Amino acid sequence: EERRAALTDELEDLRGRIDQLETELVETLNSIMEDLIDRLEYENIARVWLERQTTDDNSDSTFELHIVREAEDGSVYEDTAATLSESEREVIGLVVALAGYIVHDVDRKVPFLLLDSVEMIDGKRLAELLEYIQDRTEVEFLSVALLPKDAQSVEEAGVFDDYAILDFNPVSA
């Protein structure tokens, strides 16, 4: 009975921790999205946010992504992820990953972040995103695979001034 009571207490603590992490994840993701929508100048996206929905007994959670677009006439309407551009989808996916990275303190435990296949994000926005990641995390090693034109935009923005840059362009024979 003592063992069962101890396990019940431990289970309650873990459920509380999951609830806390999910709540923190939603808050972090929503804060990052709010910052980045303005910073990355996505003109027809008014807001993106994540909503956590729980069952009546709080035993299970689901998440719903909300996307609000702004039309040229100033009216707003809710949209779906299916209609996002590749760039918008890429940024939202990176923000979801970044929020998890921050909430779970991965940047403190594993201070390395690898970004690949980010060519859907134009160079200027990518530079802003990378600068934001450097400001918001404790990542020490940021590795980004870039196409030459995007690498030039990122370099011109000075994002990697404090980092070593490796160029893997093949040498012509």
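Here is a quick tour of this protein, from its overall build down to a few single residues. The model is predicted, so local features need pLDDT of at least 70 and side-chain atom pairs count only at pLDDT 80 or more, while totals for chains, interfaces and linings use all residues. Residues are numbered from 1 along each chain as its sequence is written, and side-chain values use heavy atoms, with hydrogens and water left out.

**Overall build**
- You'll find five helices and five strands here; these are DSSP runs numbered from the N terminus, with helices (H or I) of at least four residues and strands (E) of at least two.
- Walk along the sequence and the pattern reads α-β-β-β-α-α-β-α-β-α.
- The radius of gyration is 20 Å, whereas a compact globule of 173 residues would have one near 16 Å. That value is taken over C-alpha atoms, and the globule rule is 2.2 Å times the number of residues to the power 0.38.
- Along its principal axes, the C-alpha trace spans about 75 × 45 × 25 Å.

- Of the 173 residues, 32% count as buried. Buried means under 20% relative accessible area, exposed means over 50%, and partly exposed is in between (1.4 Å probe, protein chains only).

**Strands 4 and 5**
- Strand 4 (residues 112-115) runs parallel to strand 5, and the two pair over four bridges; pairing requires DSSP to find at least two bridges between the strands.
- Across that pairing, L113 stands opposite L142 in strand 5.
- In a regular strand, side chains alternate between the two faces of the sheet.

**A buried loop residue**
- L84 sits in the loop between strand 3 (76-79) and helix 2 (86-103), and L84 is buried, with a relative accessible area of 5%.
- Which residues does L84 contact, leaving aside its neighbours within four places in sequence? They are I45, I67, R69, R89 and I92, where contact means heavy atoms within 4.5 Å.

- Most residues other than glycine have a negative phi.
- E41 is not a glycine, yet has a positive phi of about 55 degrees; E41 lies in the loop between helix 1 (2-39) and strand 1 (45-54) and is partly exposed at 45% relative accessible area.
- S117, also not a glycine, has a positive phi of about 55 degrees. S117 is in the loop between strand 4 and helix 4 (123-136), and is partly exposed at 38% relative accessibility.
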